[in-house]
Amino acid sequence: MSGLLIVIAGPSGAGKGTIFHSLLERMPNTVASISATTRAPRGKEVDGVEYFFKTKEQFEEMIARDELLEYANVFGNYYGTPKKFVMDGINSGKNIILEIDVVGAEQIKRKFPECVGIFIMPPSFEVLEKRLRGRATDSEESIVRRLSEAKRELSTYKMFDYIVFNDNLSEAIAQTETIIKAERNKISRNESKIEQLLNE
Ligand code: ADP
Ligand code: 5GP
């Protein structure tokens with residue numbers, strides 16, 4: 001059985017990173033795709049761990065060589081998903097999580113309609129602002145920009161399959177895990193196994 005392609009999106013500060021890191025610890029067959037980006041490393045970020053950090057020229061070469069499954073310009077920088085890692089992972093039965101923006105999510109949904117799209121949203125925009133400020137990793141200008149983008153991102157909600165309101169963190173993590181587990185049991189994802197049993 002192929003693995004699931006799970007797309008997690010939502011406004012910056014919604015808790016996507018926090019939730020998906022916890023999922024990776026709890027679900028051994030689930031791995032994260034590492035994106036390429038032209039943005040500069042933040043804090044203790046390491047090349048090849050949080051992102052593959054690229055120059056604009058290197059990133060544009062990746063586009064030209066068709067090495068990206070999707071890419072988008074987010075807050076003035078390129079971000080994209082390397083294709084090979086994702087395809088190899090899914091084909092070997094692993095669940096792959098992409099934590100990407102809504103423009104990238106739309107590209108993935110178009111190419112892989114069977115992917116599982118999960119939108120993470122804080123209980124309110126006020127809480128979102130508090131979390132972005134509490135995270136203390138972004139400049140004031142960047143926070144204002146991320147907040148003004150948040151409503152536009154939420155307005156794309158119809159392309160997603162699920163929404164998780166990240167109010168209580170452990171509840172939000174449990175809900176996301178439940179969604180992924182239930183998806184694996186969908187009839188449409190188990191038809192060949194069922195047919196095999198019927199033919200015994
Ligand atoms: P994103 O990856 O969506 O940009 P983060 O995972 O970095 O968001 O979360 C933004 C900030 O909010 C972080 O400081 C994180 O620790 C905090 N946070 C995440 N979820 C919750 C929650 N349910 N309650 C309180 N704080 C949270
Ligand atoms: P940050 O700079 O905070 O790490 O990420 C900024 C935004 O870029 C987030 O919304 C994140 O989801 C998005 N992002 C990260 N990687 C990718 C990717 O590979 N493709 C796309 N389209 N967006 C990404």
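Residues are numbered from 1 along each chain as its sequence is written, chains are lettered from A and ligands numbered from 1 in the order in which they are written. The model is predicted, so local features need pLDDT of at least 70 and side-chain atom pairs count only at pLDDT 80 or more, while totals for chains, interfaces and linings use all residues; side-chain values use heavy atoms, with hydrogens and water left out.

## The largest pocket

The largest pocket has a volume of about 1100 Å³. A pocket is found on a 1 Å grid over the protein atoms alone: it is an open set of points where a 1.4 Å probe fits, with protein on both sides within 12 Å along at least five of seven lines, and lining residues have an atom within 4 Å of a point. Grid points are joined across faces, edges and corners, and the volume is the space filled by probe spheres set on the points.

The lining holds 41 residues. Nearest the pocket centre lie Gly-17, Arg-42, Tyr-51, Glu-99 and Arg-135. By class, the lining has 15 nonpolar, 13 polar and 13 charged residues. Here Ala, Val, Leu, Ile, Met, Phe, Trp, Tyr, Cys and Pro count as nonpolar, Asp, Glu, Lys and Arg as charged, and the others, Gly among them, as polar.

Elements α1, β5, β6, α5 and α6 (140-154) each supply at least two lining residues. The largest share, six residues, comes from α1. Helices (H or I, at least four residues) and strands (E, at least two) are DSSP runs, numbered from the N terminus.

Ligand 2 sits in this pocket, and the space taken by ligand 1 is also the largest pocket. To sit in a pocket, a molecule needs more than half of its atoms within 2 Å of the pocket's grid points.

## Ligand 2

Around ligand 2 there are 16 residues. Ser-35, Arg-39, Tyr-51, Tyr-79 and Asp-101 come nearest. A residue is near a molecule if one of its heavy atoms lies within 4 Å of it. The shell divides into five nonpolar, four polar and seven charged residues. Strands β5 (68-74) and β6 (77-82) each give at least two residues to this shell.

Polar contacts (pairs of N or O atoms within 3.5 Å) tie both ligands to the protein. The table lists examples.

| Residue | Atom of residue | Ligand atom | Distance |
|---|---|---|---|
| Tyr-51 | polar side-chain | oxygen, ligand 2 | 2.5 Å |
| Tyr-79 | polar side-chain | oxygen, ligand 2 | 2.5 Å |
| Asp-101 | polar side-chain | nitrogen, ligand 2 | 2.6 Å |
| Lys-16 | backbone N or O | oxygen, ligand 1 | 2.9 Å |
| Gly-17 | polar backbone | oxygen, ligand 1 | 2.8 Å |
| Arg-131 | polar side-chain | nitrogen, ligand 1 | 3.3 Å |

On its own, ligand 2 has 520 Å² of accessible area, and the protein covers 95% of that. For ligand 1, the protein covers 72% of 570 Å². Accessible areas come from the Shrake-Rupley method with a 1.4 Å probe.

## Ligand 1

Ligand 1 has 13 residues around it. Gly-13, Gly-17, Thr-18, Arg-135 and Asn-166 come nearest. By class, the shell divides into three nonpolar, six polar and four charged. Helices α1 (16-26) and α5 (125-135) each supply at least two of its residues. Helix α1 gives the most, with three residues.

## The second largest pocket

The second largest pocket has a volume of about 200 Å³. Its lining includes Met-1, Ser-2, Gly-3, Leu-4 and Leu-5. Phe-112, Glu-114, Cys-115 and Arg-189 are also among the lining residues. Helix α3 (residues 83-91) gives the most to this lining, with three residues. The classes are seven nonpolar, three polar and two charged.

## Backbone angles

Most residues other than glycine have a negative phi. Asp-66 has a positive phi, near 60°. Asp-66 is found in the loop between α2 (56-64) and β5. Phe-75 also has a positive phi, of about 50°. Phe-75 lies in the loop between β5 and β6.

Terms used
A polar contact is a pair of N or O atoms within 3.5 Å; within protein, one must be able to donate a hydrogen and the other to accept it, and residues adjacent in sequence count only if both atoms are side-chain atoms.
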